[in-house]
Amino acid sequence: ECNRYDLTGFVPFVVDGLTVGWIRPDFVRVLARWEQVFSVSSSEVVLLTQGESLPQRSAPLAAVLKELVEIGALSHLHGEQYVATAGGRDEGLVLIDRAAASHFGIRAFGQHINGFVRAQDGIRMWLGRRSEDRRHFPGRLDHLAAGGLPHDIGFQQNLIKECWEEAGIEPDLAATAIPVGAVTYVTETQSGLKPDTLYCYDLELPPDFRPRCMDGEVQEFYLWPMAQVMDAIREPGLFKPNCSLVIIDFLIRHGYLRPDDVDYFQLVAGLHPRLP
């Protein structure tokens, strides 16, 4: 589900000579009306705006995004800014509102925290159930804390913010989360392409910790043994899909999935596909 896509249905989005995203032809046709901002052809969409700084270069595109909402080509703007980049997060060439990221097919970055407790019968993982009013995957199982990584906030600051907002984790405790790598995936959505990178963290919590949602995004929390977590991942439709990838990575690193398990190598390799 996280790695089904076909680039033949997209055209490159080019900034400063580099491909930073992929756009569906129907959205390309919408963008063609802004001739001062985009050079549009059947083979690519080139951003024409110039500027010495990232905000200067991004301002004309931001104005277009507002107009796209006004004409109904975008449903809304999120307010968080992502960087369009052909490389890392620190190599951004232009800013795009989070809500428009998949329409332009730009690489997005996020942070997912595996919150767990060591019990007498082994590791137990804290999970949240997304509120029914969420725009994406309402009612699905989710990590204890996770979120997108906007361009203007650091890794540690964003991690602490997400831990507090989603689970009421105090900053000092959140700061003990250990970065353990990243997973990638590329998938098509109704709006476009999502080539995503998720930075993964393990956060060991004290036995008496009880999460509490501060921002309304989670309706309920569960503390499950890993066998129950694994059963839920095997069942289609229970988890928000990209959370399953991060938890599978946890299962591999903590020895719950082992080299003699069926499809072990395919799972290890499948967590790190090359992004287009």
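The residues that line the largest cavity divide into six nonpolar, one polar and two charged, where Ala, Val, Leu, Ile, Met, Phe, Trp, Tyr, Cys and Pro count as nonpolar, Asp, Glu, Lys and Arg as charged, and the others, Gly among them, as polar. This is a predicted model, in which local features need pLDDT of at least 70 and side-chain atom pairs count only at pLDDT 80 or more, while totals for chains, interfaces and linings use all residues. Residues are numbered from 1 along each chain as its sequence is written, and side-chain values use heavy atoms, with hydrogens and water left out.

**Cavity and pockets**

On a 1 Å grid over the protein atoms alone, a cavity is a set of points where a 1.4 Å probe fits but cannot get out, whereas a pocket is an open set with protein on both sides within 12 Å along at least five of seven lines; lining residues have an atom within 4 Å of a point. Grid points are joined across faces, edges and corners, and a volume is the space filled by probe spheres set on the points. A search of the whole structure finds one cavity of 30 Å³ or more, and its lining consists of Tyr82, Val83, Arg89, Arg107, Ala108, Phe109, Leu149, Pro150 and His151. Strand 5 (81-84) and strand 7 each give two or more residues to this lining; helices (H or I, at least four residues) and strands (E, at least two) are DSSP runs, numbered from the N terminus.

| Space | Volume |
|---|---|
| Largest pocket | about 1500 Å³ |
| Second largest pocket | about 430 Å³ |
| Largest cavity | about 40 Å³ |

The largest pocket is lined by 49 residues, of which Arg98, His136, Phe137, Lys194 and Lys240 are the closest to its centre. Strand 7 gives the most to the lining of the largest pocket, with five residues, and by class that lining holds 14 nonpolar, 17 polar and 18 charged residues.

The second largest pocket has 19 lining residues, with Ile233, Ser244, Leu245, Ile248 and Leu267 nearest its centre. Helix 7 supplies the largest share of this lining, five residues, and by class the lining has eleven nonpolar, four polar and four charged residues. Ser244 itself lies in helix 7 and is buried, with a relative accessible area of 12%, where buried means under 20%, exposed over 50%, and partly exposed in between (1.4 Å probe, protein chains only). Leaving aside neighbours within four places in sequence, Ser244 is in contact (heavy atoms within 4.5 Å) with Ile233 and Phe239.

Val218 is placed in strand 13 (residues 218-225) and counts as buried at 12% relative accessibility. Although Val218 and Leu127 are 91 residues apart along the chain, their C-alpha atoms are separated by 9.8 Å. Ser131, in the loop between strand 8 (122-130) and strand 9, is also buried, at 7% relative accessibility. Not counting residues up to four places away in sequence, Ser131 touches Pro138, Gly139, Gly216, Glu217, Val218 and Gln219, and Val218 in turn touches Gly128, Arg129, Ser131, Glu166 and Cys213.

**Aromatic rings**

The whole structure contains eight aromatic pairs, a pair being rings of Phe, Tyr and Trp (its six-membered ring) whose centres lie within 6.5 Å, with planes under 30 degrees apart counted as stacked, over 60 as edge-to-face and the rest as tilted. One aromatic cluster is formed by Phe13, Phe27, Phe38 and Phe104. Arg89, which also lines the largest cavity, lies over the face of Phe155 at 5.0 Å from the ring centre; a charge sits over a ring if NZ of Lys or CZ of Arg is within 6 Å of the ring centre and within 35 degrees of the ring normal.
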